[in-house]
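Please walk through the model shown here with attention to the surroundings of its ligand and to the strands that take part in them.

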Amino acid sequence: MRDIDDTPMPTGDLALQTIAMPADTNADGDIFGGWLMSQMDLAGGITAGRRAGGRVATVAVTGMAFLTPVAVGAVVSCYTDIIEVGRSSIRVNVEVWVTGYDEEDPVKVTEGEFVFVAIDDNGRTRAVD
Ligand SMILES: CC(=O)SCCNC(=O)CCNC(=O)[C@H](O)C(C)(C)COP(=O)(O)OP(=O)(O)OC[C@H]1O[C@@H](n2cnc3c(N)ncnc32)[C@H](O)[C@@H]1OP(=O)(O)O
């Protein structure tokens with residue numbers, strides 16, 4: 001896994017973009033880390049599913065740190081980069097960046113490595129081409 005760094009621009013391809021909503025906050029009004037992880041899982045799953053040409057399941061997530069809080073109304077962008085493709089597994093690095101509507105000065109929120117496994121209709125692993 002790559003270290004979280006201060007790279008000023010996102011690495012990878014934009015896979016998912018959404019807005020942090022009031023319903024995504026905890027009782028203190030801060031965005032849940034779990035909500036962010038869910039967006040990352042979705043983004044990585046889209047990328048892995050396209051690469052696998054079908055159904056994938058998340059099998060592992062490694063080394064995440066949250067660098068900065070996310071405010072309600074922030075535009076949340078998940079960028080994905082396929083790191084490695086194994087027999088059935090696809091390792092995807094997912095970065096999360098936030099901006100306002102103007103898309104200026106994106107701020108990196110977190111990064112994590114997600115491992116997906118290509119599975120068949122019965123939930124058994126299948127080889128990725
Ligand atoms: C519980 C949940 O709801 S979590 C959210 C959704 N995810 C799921 O439901 C997935 C639940 N897990 C599963 O169903 C099973 O673990 C499966 C089908 C994904 C994989 O089954 P396994 O018996 O582990 O398969 P297997 O040992 O052959 O591993 C498959 C691949 O995953 C990789 N892998 C398995 N565990 C890990 C891990 N912890 N970290 C990294 N890679 C892993 C293996 O190296 C292998 O890669 P390769 O085929 O490219 O060489």
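In this predicted model, strand 2 and strand 5 each supply at least two residues of the shell around the ligand, and the largest share, four residues, comes from strand 2. The shell consists of Ala57, Thr58, Val59, Ala60, Gly86, Arg87, Ser88, Ser89, Val115, Val117, Gly123 and Thr125; sorted by class, five of these residues are nonpolar, six are polar and one is charged.

Of the 1000 Å² of accessible area that the ligand has on its own, the protein covers 39%.

Strand 5, which spans residues 107-118, is largely enclosed by the rest of the structure, because eleven of its twelve residues are buried. Strand 2 (residues 56-66) pairs with strand 5 in the antiparallel sense over eight bridges, and within this pairing Thr62 has Glu113 as its bridge partner. Strand 4 (residues 89-99) also pairs with strand 5 in the antiparallel sense, over ten bridges, with Arg91 standing opposite Val115, a residue that also belongs to the ligand's surroundings.

A search of the whole structure for aromatic pairs finds one. Its rings, those of Phe114 and Phe116, have centres 6.3 Å apart and planes at 15°, an angle under 30 degrees, so the pair counts as stacked. Phe114 is buried, with a relative accessible area of 1%, and Phe116 is likewise buried, with a relative accessible area of 1%.

Methods
Residues are numbered from 1 along each chain as its sequence is written. This is a predicted model: local features need pLDDT of at least 70, side-chain atom pairs count only at pLDDT 80 or more; totals for chains, interfaces and linings use all residues. Side-chain values use heavy atoms; hydrogens and water are left out. Rings of Phe, Tyr and Trp (its six-membered ring) pair if their centres lie within 6.5 Å; planes under 30 degrees apart count as stacked, over 60 as edge-to-face and the rest as tilted. Buried means under 20% relative accessible area, exposed over 50%, partly exposed in between (1.4 Å probe, protein chains only). Two strands pair if DSSP finds at least two bridges between them. A residue is near a molecule or strand if one of its heavy atoms lies within 4 Å of it. Accessible areas come from the Shrake-Rupley method with a 1.4 Å probe; for residues, only the protein chains shown count as cover. Ala, Val, Leu, Ile, Met, Phe, Trp, Tyr, Cys and Pro count as nonpolar, Asp, Glu, Lys and Arg as charged, and the others, Gly among them, as polar.
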